[in-house]
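Please look over the sequence and the structure shown here. A short briefing follows, grouped by topic.

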Number of protein chains: 2
Amino acid sequence: MDDDAFLFSYDPATYDRPSVTVDLVLIGFVDARLSVLLLRRASAPQRGRLALPGGFVAMDESLEQAAARVLRDKAGLGAASLEQLYTFGAVDRDPRMRIISVAYVALLDAPTFVAAERGAAGLHAIDLTDLEAVPPLAFDHAAILGVARDRLRGKIDHSDIGFALLPERFTLRQLQDLHEAALGMALNKSAFRRRMLDRGWLEPTGEREAEASHRPAELFRFRGAGPARAERPA
Amino acid sequence: MDDDAFLFSYDPATYDRPSVTVDLVLIGFVDARLSVLLLRRASAPQRGRLALPGGFVAMDESLEQAAARVLRDKAGLGAASLEQLYTFGAVDRDPRMRIISVAYVALLDAPTFVAAERGAAGLHAIDLTDLEAVPPLAFDHAAILGVARDRLRGKIDHSDIGFALLPERFTLRQLQDLHEAALGMALNKSAFRRRMLDRGWLEPTGEREAEASHRPAELFRFRGAGPARAERPA
DNA sequence: TCAAAAGTGTTCCGAATACACCCATGA
DNA sequence: TCATGGGTGTATTCGGAACACTTTTGA
């Protein structure tokens, strides 16, 4: 930013500025499926269509703060793993006015996801891995979901983001189901097992699942992780 | 975005909106070093400091169009590989007003980079891989450069972005120098060689470099690349 | 003929895979 | 006792790393 000639003569009342919003992709892993929470629009435009929960960025809050506020107000959730996804700025992406939207991804564990789905009004869950089967979404939100899906797919095996989708204690089978859902392919059991254990991210709790008609699996806990890949400034 | 109650009562004259800019990280690979082009600020604030070239996003242009325009006006360049990097939105990142900036990375080949450095007024090149040695930059631009450096480091071995920094015909040594500069580490010669050739991205031109006191290396060309990793919607 | 860097072949090692087998539980 | 899925051990395959070696040029 170095447009000083323009900047000094820049009069907010004279020159239009775009509006800026944040849109949230709320992802959960429930019943071995990756789901996203969308809001059914109650008014025009795109009335009746599903849309990402979002809101305007106020002058006194950062993008992250705006995202956290939307998470609170629209989904009734406190903290969650929030990560900036991409910024969408096509001129006509919203018919009402010029709106630039910064998309964030929030990864929720299953109880939180289900609580939000039941608790907040108008929230519906759809399958993130089968976007073709979803009825048309509002605005360019289908494209945003596509980017979110691709990002999750690209990062889940190289970073620790997946654990934000699992309960505090989980089995290796759950972890593998999550990876398989995100990648859309089956994974070799013992190879996956070894790879995950060799990473040093998993801490065995002595406990085992109390479940069904077979040998109970051991429950693991996500141990903080060593220096993982980070990417979140500003 | 579903904030209709707010939206319908939203009066641009009443509610302030943030300004939105694009900032460009112009990266080149010259003399086996990764460099970035910065503009010396001629006026307050941060007068005399180096800053990323940038500009406001107009109402009738997309973010990509704004980035291309800045590339043209500030660096005198036509087309270039432009990729969105990250959006910076801290409240106080600019002392004059609330400015949200969408950063883009442009990868330039060496002649283009040098031409821009010489041609456009006030442009200075600094070493991207040695940001600590650079005098303090304006605003949060040092953080932006850090994100750009990390992104390049993370992608250069997994995608084909590196070729945008090389001339149309290049030697494997040049390609390896580029990767070593981006990663900040030495790479094994034959392993690198085999890995690159096995990818099917490189097309041998029959030609060889006309150069110095040793066996001339073969010149390769970047062949379109198969379905590489993409990530650029809206 | 020597220095320097390009380019190749061979071995070694580790990670991923495939697969066989054992273990623990409910029915 | 059987079915089911958890968990382990072993052989195989594949790719990268290491390293020695040959090739080709200018000086």
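The surface near DNA strand D is made of 5 nonpolar, 8 polar and 8 charged residues. Here Ala, Val, Leu, Ile, Met, Phe, Trp, Tyr, Cys and Pro count as nonpolar, Asp, Glu, Lys and Arg as charged, and the others, Gly among them, as polar. A residue is near a strand if its C-beta atom, placed from the backbone, lies within 6 Å of it.

This is a predicted model: local features need pLDDT of at least 70, side-chain atom pairs count only at pLDDT 80 or more, and totals for chains, interfaces and linings use all residues. Residues are numbered from 1 along each chain as its sequence is written, while chains are lettered from A and ligands numbered from 1 in the order in which they are written.

**DNA strand D**

- In total, 21 residues surround DNA strand D, and the closest are A:His214, A:Arg215, A:Ala217, B:Ala191 and B:Arg215.
- At least two residues of this surface come from each of α5 (172-183) and α6 of chain A and α6 of chain B.
- α6(B) gives the most, with 5 residues.
- Helices (H or I, at least four residues) and strands (E, at least two) are DSSP runs, numbered from the N terminus.

**DNA strand C**

- Around DNA strand C there are 20 residues, of which A:Ala191, A:Arg215, B:Arg173, B:His214 and B:Glu218 come nearest.
- By class, this surface has 5 nonpolar, 8 polar and 7 charged residues.
- α6(A) supplies the largest share, 4 residues.

**Chain A and its copy**

- Chain A contains 6 helices and 10 strands.
- Of its 234 residues, 36% count as buried; buried means that 20 or more other C-beta atoms, placed from the backbone, lie within 10 Å of the residue's own, exposed means 12 or fewer, and partly exposed is in between.
- The same surface serves both copies, as 98% of the contact residues of chain A recur in chain B; two residues are in contact if their C-beta atoms, placed from the backbone, lie within 7 Å.

**B:Arg98**

- B:Arg98 sits in the loop between β5 (81-88) and β6 (99-108) of chain B.
- B:Arg98 counts as buried because it has 22 C-beta neighbours inside 10 Å.
- Apart from neighbours within four places in sequence, B:Arg98 is in contact with A:Met59, B:Pro18, B:Ser19 and B:Val91.
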